[in-house]
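Here is a short report for a first look. Start with the view below, then read on.

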Amino acid sequence: MQAKKRYLILLSAGACLSLLFYLGFELPPARRGRHERGGGGRRPWEDRTDTEEYNVHISPRQKRDVNTSVYRGRRCRMESCFDHSLCQKNGFKVYVYPQQKGEKISESYQNILASIESSRFYTSDPGQACLFILSLDTLDRDQLSPQYVHNLKTKIQSLPLWNDGRNHLIFNLYSGTWPDYTEDLGFDIGQAMLAKASISTENFRPNFDVSIPLFSKDHARTGGDRGFLKYNTIPPFRKYMLVFKGKRYLTGIGSDTRNALYHVHNAEDVVLLTTCKHGKDWKKHKDARCDKDNAEYDKYDYKEMLHNSTFCLVPRGRRLGSFRFLEALQAACVPVMLSNGWELPFSEIIDWKTAAVIGDERLLLQIPTTVRSIHQDKILSLRQQTQFLWEAYFSSVEKIVLTTLEIIQDRVLEQGSRSPLMWNSHPGGLFALPQYSSYLGDFPFYYATLGIRPYPKFTAVIHAVSPLVSQSQPILKLLVSVAKSQYCAQIIVLWNSDKPLPAKHRWPATSVPVIVIEGENKVMSSRFLPYDTIVTDAVLSLDEDTVLSTTEVDFAFTVWQSFPERIVGYPARSHFWDGNKERWGYTSKWTNDYSMVLTGAAIYHRYYHFLYTHFLPVSLKAMVDQLANCEDILMNFLVSAVTKLPPIKVTQKKQYKETMMGQSSRASRWADPDHFAQRQTCMNKFASWFGAMPLVHSQMRLDPVLFKDQVSILRKKYRDIERL
Amino acid sequence: MYPSSKYSSRGPALIPRMKIKHRIYYITLFSVVLLGLIATGMFQFWPHSIESSADWTMDKRSVHDAPLVRLPVSSPIPERGDLSCRMHTCFDVYRCGYNPKNRIKVYIYPLQRFVDEVGVPISSTGLSREYNDLLSAISDSDFYTDDVSRACLFIPSIDVLNQNSLRVRETAQALAMLPRWDKGMNHLLFNMLPGGPPDYNTALDVPRDRALLAGGGFSTWTYRQGYDVSIPVYSPLSADVELPERQPGPRRYFILSSQTAIHREYRAELERLKEENGEALLLLDKCSNLSQGAASVRKRCCKGQVYDYPQILQESSFCVVLRGARLGQAALSDVLQAGCVPVILADSYILPFSEVLDWKRASVVIPEEKLSEMYTILKSIPHRQVEEMQRQAQWFWEAYFSSMKAIGLTTLQIINDRIYPYAARSYEQWNNPPVVKWASVNSPLFLPLIPPRAPGFTAVVLTYDRVESLFRVITEISKVPSLAKLLVVWNNQNKSPPEETLWPKIGVPLKVVRTKENKLSNRFFPYDEIETEAVLAIDDDIIMLTSDELQFGYEVWREFPDRLVGYPGRLHLWDHEMGKWKYESEWTNEVSMVLTGAAFYHKYFNYLYTYKMPGDIKNWVDAHMNCEDIAMNFLVANITGKAPIKVTPRKKFKCPECTALDGLSLDQTHMVERSECINKFASVFGTMPLKVVEHRADPVLYKDDFPEKLKSFPNIGSL
């Protein structure tokens, strides 16, 4: 028995061990893995030895310093060639060197400099600057070009702040010259960053340089033309599938692809046309195809093709980028890129796959099959994206420049940088300021994308300018009726009166907290400051003399929840183009349409407070403060510029309208005859800063579903609105 | 304790059947086998090498059977990786060619054992378990081909995951000996631990010509953007540990540092932070009292207190991932797995899969220099954002970090996306976790556009045989200024439409389409005859709408071209008693549907209804001859996430839902059927997409005290 037991133990132990080993090797890898690891094997990823060594090794701080000295020139990165400390004190400020007498500056470069100088990044003090921009024109570095600036090298070296180009940004559109068109600028850029068109991936220093689009000297400085897409056609196909019309280079770089285009041309829906005519002596190099190509070329109108094609080929020219790119983008003709190695414009932030077809020059013959295989839905979305991108980043020199600066700012303020979603979806990175919040759900634009809804309450901000003298003052009535709204989270009274704050007990008791903030400068713009106390997504902005019932507030808020990116208000105003005076007109008359709602009573997203305060230039805000007028117009301009949509007017009780027309309140600024003229002036000033008229007309008003319907009033939820 | 322990229970069961005289024999046999196994295990394969088949090859060879290849000393060495390599210069795209599936084909070299001239292997570990897992996963995937001539991408079976175990020169020679090497063209190498002491290069030191490198720990100076792929450093704990599910939300600690290999300078700085902020921070280190080995890997200590790793990671909102000697850290994987938001301090580090993953949504990157400001920086992040990041981090791990398979296939997908960019996965596909994908709405008509008035709209009248009523409708609609064309869908196969001369004379083209079958879906077919974007669907008995009302409806549609804009509104309600949805047509304060008996919408929705309607809804509607309007409302709300717009006040529509008879009983069965439709559709859509609103659109001056003559749309709401 004893022996048997011993055998048994031994055997089972043996079996156990052998099984252990066999199983160890025969089980599927994952299970075996778990088993063996439990047994305590050495891990391939654990670097104990390295750890010890790492600790005795030089300090990481020193190592970082070594990096900055090693990685220079073509290997520059933000880590090694950019001095972040300059940006820490004053934020992202950009200095432009003063223009020197006698230096000729091309129109395009003047536009670039003007855009920077009128931006909110600009500083005239180099001591505050984080980024420096040369006033020497570096756009055209083609030696054969008339715009070429000579002796740049010495001119730049003599700049006192040059500092080997550190924290400098150099704009360039053309580099190199015939025949090889290298990307050399002809001077030593040192540690400067490049914002360059037609830059190749080989020369592009990721997260350091910025690839910008090639734009012509006629490119609008501000505003810019809108995209050509007016509506989405179904099915999305246009007359032509794929078109191109351009020069064919008989010699030199960039010839191959364009020379081969005729293979793909079918004169029906794929129309790829080239001409040999360029330069003076093209006939010398003329090949057998030239005459035929030239004849075919003249048969088609470029504009017509651009407007009527689904895809537009953008093959490289002499340089990697060509004008065709922006032309196609604006025309909602989906660009088909055929320019190997081109670092696409703003590639750091734009997901070009959503707006263009990235082809490969080596696979030219496959291009027609490829574009034909693209699904209708995809075409629909590509096309819309071209328009979004065009209007967000490319339609004017100012947008191109601001996008460049914002990209660099994002790198500098790593924490407050935009996510790809912000750059690639409406309204785009220039309107979505990451300094406001890093959480997308705090913005009014991304609720649908995130699958969430805005916070279902609002904060009322009442702008008080007159002293509190009687208990029957409109502001107190307003406070009570707003506080009664089921959606009201809190009320902020912004005390902008010269008189001291009234005692606490003077305010009526309400069920929601009332916070009184004393305006610092007592200026008009302070009503749109992004107060930290505003904790809800929605803001109900109110004038002190506004008359509103709880029902009206409730209804407007439910409407706003469906349109969180717009302003929802009561009294509306309209703009029109005054053809005689050649300027914009403002009207407060009752009209069949409107384009603004007064912010004396309106609900909008709190983000617009931030945008108003931080996006708009000081000049416009100062104008508003000085006139103590037009703040509502400016807010409407801003929101419509962002949304490209009109505000929303909701129904209101009759008495309220009268108040807003300026009859009841004694102190009302509406009674002032200058008031109206000022608003007209404001409109034109604003429109010129925005570069275009952003306001959009609407013909509808939103009413409660049963508004004035012939049904018992008891069935109506918002019955109070109908009562007089 | 180990999986094997349950097998050992089989041992005793075998015993009774054995004869005593066989015992000695068995014992000897076992001992021999045992000893042999221990020996081989200890010396050659332990702990992470492969003995059994490497099943990515067709001929299931094992490491043992793998042919031995002797590398001559003079064997050529590839050039060092060319930093200027890009897909268009160093990658032969012709090998991938055009294929309708837009999928690259990947070939894996058969297993070979490379040894130098004196027979010493080029790698101390041979084929690691991890690399084996990776290759097996690829061979099981759609990417794999065993036909070398069809391959677009080649993966050597030479394991270079860990440079520490490699002999650099010999490995390079081995690569160059691969039959299709061709200067490394279209070859992909996977490496997770690059470099070695003292400099720790951030990319694999093995010279590799033009081969693509999927590397863990690239810095911006070694990473060839658009060519290399930055991959994570796999954490073996991924497979070992299953962490309990943890919902995003506040955690016990705010910041946790759990890495053991932190440079003392940084550790000092962390300790300073800890002093300033106290309990919010937890700094862990390795346990000095535990012996080296498995146990120590799974434990962390702080002042004598022992914590379980990686479980402790789940107790913190943020987890520090500091660079070590290398930039890529396996700790990143552990941290993500625990749903802890990684705070990455590794200057110039290229984050894993950064080409496609949006790391801003799952991590915080702080320059090493700003380590001391970490607390302030993290405190400034909104709570909701932190929760989103926790969820995102966990999901990134699950989708892209959790196994060698996930890492390998993600890498291939990224390369695939480069070769077929027009078929590439979108940002949303890469970055949205399933819960967001489910809730998120990306309308196909996303551009904010207000189409011009000029093209007008096409009225599509569905009719069966009510010619008289139809003619009245046509006459009425023809008065609407923006009508561009009238399309009559003749749904009666037994009767021909009236002769041309009998039709009302109207100022716009009138077309009649005859259908093949009497189906309700015919009204939503995207007919070529519809040349405008705006479609007015209208029943042949809707004669009560005025021209002003219709024109106004069109104007409203222009402001909301992605919505249904209709006249009679309806509502869905949750019936608590029955526990299901109910249809409501009474005078309600809310609207979630508009009837398509009179509604404007974008032609795109016709296309969607016809070709993209989920499930069997379309056929179901045709079979039941009811609810096509509800189906359309579902479809539009589901894809746009938006409510319809009801325009103008309620009118007495002549029972717009019932076609023939008025009458209470019929009305009721009708309502019951429509309630059923809502429930049916909600189950097919898997959700209730309808959105309830409390507003309708009226002209700006509707019912205002204003001269009617001056109103654009005076005739609204007349009965």
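## Chain B at a glance

Chain B holds 21 helices and 25 strands. The model is a predicted one. Chain B has 719 residues, and 60% of them count as buried.

Its contacts reach across the sequence. Take the contacts in chain B with a separation of 6 or more: 76% of them join residues 24 or more positions apart.

## An annotated span in chain B

Which feature does UniProt place at residues 256-283 of chain B? The unreviewed entry gives "coiled-coil region".

## A buried strand in chain A

Now turn to chain A. Strand β22 of chain A covers residues 601-605. Buried here means under 20% relative accessible area.

## Partners of the strand

Strand β17 of chain A, residues 538-543, pairs with β22(A) in the antiparallel sense. This pairing runs over 5 bridges. A:Ala538 has A:His605 in β22(A) as its bridge partner.

Strand β18 of chain A, residues 568-569, also pairs with β22(A) in the antiparallel sense, over 2 bridges. There, A:Val568 stands opposite A:Ile603 of β22(A).

Technical notes. Residues are numbered from 1 along each chain as its sequence is written. Chains are lettered from A and ligands numbered from 1 in the order in which they are written. This is a predicted model: local features need pLDDT of at least 70, side-chain atom pairs count only at pLDDT 80 or more; totals for chains, interfaces and linings use all residues. Side-chain values use heavy atoms; hydrogens and water are left out. UniProt positions are given in the numbering used here, feature names are shortened, and annotations may be inferred rather than shown by experiment. Helices (H or I, at least four residues) and strands (E, at least two) are DSSP runs, numbered from the N terminus. Buried means under 20% relative accessible area, exposed over 50%, partly exposed in between (1.4 Å probe, protein chains only). Contact means heavy atoms within 4.5 Å. Two strands pair if DSSP finds at least two bridges between them.
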